[in-house]
Amino acid sequence: MIVSPSIASADPLDLRAAVGKVSEGPYQDLHIDIEDGNFIPNITFGLKAVRAMRAITGLPFSFHLMVTDPKRHAEQVVDLGPSIVFGHAEALDYPLEFIRFVQGLGVRCGLAFNPKTPVEPYLYALAEADGALIMTSEPDGRGQQFLPAMLEKAEKLRGLRLPGGLWADGGITPDRLERLEQAGVTHAVMGRAIFG
């Protein structure tokens, strides 16, 4: 299981220290949620903040674009060392076109799914994707509670053997990792469990 620290859970007034902590640890990338205040109520980082983080770490960035226009945002982050870029299926009228567009920029691309969204209608697009990200919680105002039912969704995608992996994100604590791995998850995004 690869753990990807989500910098959105770090102290926003001390991002330099948080990035440094991750860079010194056993991590393979830094997970960056880009939230635009439209697709999801919260707003996280703009390009200026991400470029500042890029200047102080050599870790690859995995980008989770929780935005209404994933294609535009993907174009803006391709030069920032992404290991993979996820766009939300719910924000894409043509998910396969998005995947091919991002891959055409030389970057791995995957689709992200909110808990309410079934994955079956998107299997045709995932056949060409590099990865998939399953949200295992909703922004519920209670610290994003882990939803065990999302393990079934992971199990449905396990057989795809996506080269960029099967990711889970939301309310994940260390005690959940074994069960996630059994369901086929290869990458666990963890925020509060790391930056607490």
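Predicted model: local features only at pLDDT ≥ 70, side-chain atom pairs only at ≥ 80, totals over all residues.

**Salt bridges**

I looked up the salt bridges and got 6 in the structure; the criterion is a side-chain nitrogen of Lys or Arg within 4 Å of a carboxyl oxygen of Asp or Glu. Residues are numbered from 1 along each chain as its sequence is written, and side-chain values use heavy atoms, with hydrogens and water left out.

I took Glu128 and Arg100 to start with: their closest N and O atoms are 2.6 Å apart. The pair links distant parts of the chain, with Glu128 in the loop between α5 (123-126) and β6 (131-135) and Arg100 in helix α4, 28 residues apart. Helices here are DSSP runs of H or I, at least four residues, and strands are runs of E, at least two, numbered from the N terminus. I checked accessibility too (buried is under 20% relative accessible area, exposed over 50%, partly exposed in between; 1.4 Å probe, protein chains only). Glu128 is partly exposed at 33%, and Arg100 is partly exposed at 46%.

Next I went to Lys156 and Glu120, which meet at 2.9 Å, N to O. Lys156 sits in helix α6 (150-157) and Glu120 in the loop between β5 (109-113) and α5, so this bridge ties together parts 36 residues apart in sequence. Lys156 is exposed at 52%, while Glu120 is partly exposed at 38%.

Asp69 and Arg72 also pair, at 3.6 Å, N to O. I have Asp69 as partly exposed at 33% and Arg72 as partly exposed at 41%.

**Cores**

Which residues touch the most other members of the largest nonpolar core? Out of 56 residues, I get Ile7, Ile32, Val50, Met53, Phe63 and Leu111. A core here is a set of buried Ala, Val, Leu, Ile, Met, Phe, Trp, Tyr and Cys residues joined through side-chain atoms within 4.5 Å. I followed up Met53: leaving out residues up to four places away in sequence, Met53 touches Ile7, Val19, Leu30, Ile32, Phe45 and Phe61 (contact is heavy atoms within 4.5 Å). I also found a second, separate core of 9 residues, including Ile84 and Trp167.

**Helix α3**

I listed the buried residues of α3 (70-77): Pro70, His73, Ala74 and Val77. They lie on the same side of α3 because they cover an arc of only 105° around the axis, taken from the directions from the helix axis to the C-beta atoms. Their packing partners are β2 (30-35), α2 (47-54), β3 (61-66), β4 (82-88) and α4 (95-104).
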